[in-house]
Amino acid sequence: MTDTNRGTGELLESAMTIDNADASVATKNREDLPTLDYDAIVIGAGFAGLALIHYLRKLDLNVRVFDRASDVGGTWAWNHYPGAATDSESYYYCLTFSPELLQEWSWTHRYPGRKETQSYMRFVADKCDMWPYIQLNTEIVDAQYMEERGYWQVTTGDGSIFTCKYFISGMGMISEPMIPKIAGMDKFKGPIFHSSRWPTEGLDYAGKKVGIIGAGATTVQMLPVVAETAGSVTVFQRTPNYILPAMQKLMTPEWEKEIKSNYDGIISKCRNHVFGMAFDSPVGRNAIDTPADERERIFEENWTGSFRWVFETFDDLLATPEANRMAGDFIGKKMKARIKDPALAKLLVPNFDDYPLFAKRPPLDHGYLEAFSRDNVRLVDIKNQEPLVEITETGVRTTENEFEFDIIVLATGFKAYTGALEAFPIRGVSGQTLSHKWQVQSSSIMGVCVTGFPNMFVVTGPQAPFANLPTSIEQNAMWISRCIDKMEREGLDVFEPQAAAEAEWTTATSNIHEQTLMADGDKVNSWMMGANRDDKGARVLIYFGGANAYYDALDQSADEGFPQLTFKKLS
Ligand code: NAP
């Protein structure tokens, strides 16, 4: 691992030694160009950073991954809240570039907890000797495209400057916290923090009064664990969720054997699935064409946990309002059966008239609904019954009540897809920042390139699909490495993402969006549209044409020599 306290020169020297790259490939064609520190700089040592180290090292590139966290893991380095776990099943929530790694690593559960996933990522870094390429505890605070000479310059928090030919964001699509503007937030005397900034050293909440603002996937995981020992937990809910059961289980030796003897099939399923997951769908039947009792039987038989239920029952649940309503009603029925108090059930269970299933990402439940039966757990409806007024020195005040807390957790979500890219200045041609470019619409080419930002790649940027992230990340990393491979083999200096290609992808993404149930702006108030942000308007952030179709588009682009990009040699 690199010592982050050294200066630029020393770091450069060590990187050159480590990577055995005595001449940067980026400088081959331009004598006037200063020697660049790296061929590629990546921000983010999560799945994207690790995947990129693998794929770019295969090209003999001198790559450096920076992360402000103190360990690898990305999401799993930050989200220390109790109960944090994956909602994807473990055996396909991983990187697939090495058959050996897939065989050597053993998952303990269907859904691994945060620590286990992070351990897995350390295992990847260890086994693949990735640590020399990773510089932790280093925040990038500025990145600028040096137009005249076609390279990128990034600045770290301590003022060090590094240069590279290719600048790549692997900062994650759900990483920048959305801190709401609630009056009085600075007044609270106790710990108050965003859920993804839960103190890494731990927080003793035993016997304490905990207030949680927000009721999304994070709270659904957090509540049952916190409620076990906290004195009391109060959840302030604005919108209820369609909650699917996780049905956690141990990984048995038999199950593991079955998985490991079929990894090629699992990888292929993920690559060819609309959600990037190893699901058996499409199933070739629609809910609306199925008699009611048969439909009920299929719903029931498939009630075995995970998002599978949505994809492995019928093909039209996310496509037509009627089918979506049927699915929502079934989920609602299941939820109500687990909530003792009918008044509470009314608050916790949404229906199609509120919003369609999957207009908000449905959380997977490990005991959330049962937690509300505990004497020390309370739900407060801040949408209809008692809106939140302010945070006070001692707690939270709604229109009807004053609540005292020792700890307040803001489980208020993220500035998804673009937030991390807008959190510090990333300047492209003419000094325009991404934040400025994306004021109204967050356009991109396939979520990986942005017009006006030459030689910059984004992993799972805006207008990429929402899918199993390791699958999408690896598909992006492969496209990026194929693009760089072309440039290095052909002695090209710069690629410029074409405005026409960006307009085409944006139009296609918008048109697809229009045909989905997400298009009902009155009902759909979701981070998936950026509607949770108070600094920007809602917009089309996700390509809903299916992750598999998106991966096809990436492959086609690479096979055809990247027609969306204009390549240049600078003399
Ligand atoms: P979220 O789903 O966006 O939920 C945020 C919650 O905070 C919502 O209930 C929201 O209400 C509420 N909220 C936001 N601003 C508020 C305000 N000013 N006042 C009161 N309430 C406010 O965020 P999340 O739970 O962190 O999850 C985000 C995404 O991260 C998930 O959908 C998922 O994709 C990912 N995630 C994944 C995992 C996993 O896979 N294990 C775990 C956690 C999160 P409204 O709904 O009314 O806006």
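Predicted model: local features only at pLDDT ≥ 70, side-chain atom pairs only at ≥ 80, totals over all residues.
## Basis of the model

Local features need pLDDT of at least 70 and side-chain atom pairs count only at pLDDT 80 or more, while totals for chains, interfaces and linings use all residues. Residues are numbered from 1 along each chain as its sequence is written, and side-chain values use heavy atoms, with hydrogens and water left out.

## Aromatic pairs around Phe275

Rings of Phe, Tyr and Trp (its six-membered ring) pair if their centres lie within 6.5 Å; planes under 30 degrees apart count as stacked, over 60 as edge-to-face and the rest as tilted. By this rule there are 45 aromatic pairs. The ring centres of Phe275 and Phe307 are 5.7 Å apart and their planes stand at 90°, so this pair is edge-to-face. Phe275 lies in the loop between helix H8 (263–271) and helix H9 (292–301), and Phe307 in the loop between H9 and helix H10 (308–312), so the pair ties together parts that are 32 residues apart in sequence. Helices (H or I, at least four residues) and strands (E, at least two) are DSSP runs, numbered from the N terminus.

Phe275 also forms an edge-to-face pair with Phe358, at 5.6 Å centre to centre and 80° between the planes. Phe358 belongs to the loop between helix H12 (342–348) and strand E11 (364–365), and this pair links parts of the chain 83 residues apart. Both Phe275 and Phe358 are buried, meaning under 20% relative accessible area with a 1.4 Å probe, protein chains only. Phe307 is buried as well. One aromatic cluster includes Phe275, Phe307 and Phe358, along with Trp255 and Trp527.

## Charges over rings

The charged end of Lys249 sits over the ring of Trp255, 4.7 Å from its centre. Such a placement requires NZ of Lys or CZ of Arg within 6 Å of the ring centre and within 35 degrees of the ring normal. Likewise, the charged end of Lys486 sits over the ring of Phe567, at 4.9 Å from the ring centre.

## A buried leucine

Leu36 is found in the loop between helix H1 (8–19) and strand E1 (38–43). Its relative accessibility is 0%, so Leu36 counts as buried. Leu36 and Arg122 are 86 residues apart in sequence, and their C-alpha atoms are 29 Å apart in space.

Technical notes
Buried < 20%, exposed > 50% of the residue type's maximum accessible area, 1.4 Å probe, protein only.
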